[in-house]
Amino acid sequence: QVQLVESGGGSVQAGGSLRLSCAASGYAYSSLCMGWFRQAPGKEREGVAHIYMVDGDTYYGDSVKGRFTISRDNAKNTVYLQMNSLKPEDTAMYYCGADWSRCASWPGHYWGQGTQVTVSS
């Protein structure tokens, strides 16, 4: 099965930037849909962005559109989330998810362990 490992989380001041990474392993082909989700205490999980690994087609949730960028490096089996203009409301645990799909819906079969992002005012 697919294993996912996130990294790059940390603490940053409002207006700053972070780049998260999700490294995938345990599969033979690159036809995955991979995405980022986040969950803050007391709130439901929210889809942030996803990308189809075959052609690089992307989708963004309304709350991060224009500030976050998802990208891929197929040679490294890795997906990145560049987060700019961070706000305190972006504070959450960020999770990487994946599915064998064309990103017609949010990927949710495989999950990483999460990486914490904290944005202070």
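Modeller: Two strands pair if DSSP finds at least two bridges between them. Strands are DSSP runs of E with at least two residues, while helices are runs of H or I with at least four, and both are numbered from the N terminus. Keep in mind that this is a predicted model: local features need pLDDT of at least 70, side-chain atom pairs count only at pLDDT 80 or more, and totals for chains, interfaces and linings use all residues. Residues are numbered from 1 along each chain as its sequence is written, and side-chain values use heavy atoms, with hydrogens and water left out.

Colleague: OK, so why are β7 and β8 called paired?

Modeller: There are 6 bridges joining β7 to β8, so they meet the pairing rule. The two run antiparallel, and I70, for one, has L81 in β8 as its bridge partner. They also form a hairpin with 4 residues between them, where N77 in the turn has a positive phi of about 50°.

Colleague: Which sheet do β7 and β8 sit in?

Modeller: An open one of 4 strands with antiparallel pairing, in the order β1-β3-β8-β7. β1 (3-7) and β7 (68-73) are the edges: each has a single partner strand, so one side of each has no neighbour in the sheet. From one strand to the next, the twist averages 15° (an angle between N-to-C directions of lines fitted to C-alpha atoms, on a scale from 0 to 180 degrees).

Colleague: How do you know whether H50 is buried or exposed?

Modeller: By relative accessible area: under 20% is buried, over 50% exposed, and partly exposed lies in between (1.4 Å probe, protein chains only). H50, in strand β5, comes out at 6%, so it counts as buried. Its contacts (heavy atoms within 4.5 Å), leaving out residues up to four places away in sequence, include C33, D57, Y59, I70 and W106.

Colleague: And why is β8 described as largely enclosed?

Modeller: Of its 6 residues, 5 are buried, so the rest of the structure largely encloses β8.

Colleague: What makes a group of residues a nonpolar core here?

Modeller: The members must be buried Ala, Val, Leu, Ile, Met, Phe, Trp, Tyr or Cys, joined through side-chain atoms within 4.5 Å. The largest such core has 31 residues, and L4, M34, W36, L81, M83 and Y94 have the most contacts inside it. Among the elements giving two or more residues to this core are β3, β8 and β11 (115-120). In soluble globular proteins, nonpolar side chains tend to be buried together.

Colleague: How many helices and strands does the chain have?

Modeller: 0 helices and 11 strands.

Colleague: Last one: why is the chain called as compact as a globular protein of that length?

Modeller: The globule rule is 2.2 Å times the number of residues to the power 0.38, and the radius of gyration is taken over C-alpha atoms. For 121 residues the rule gives 14 Å, and this chain has 13 Å, which is close, so the description holds.
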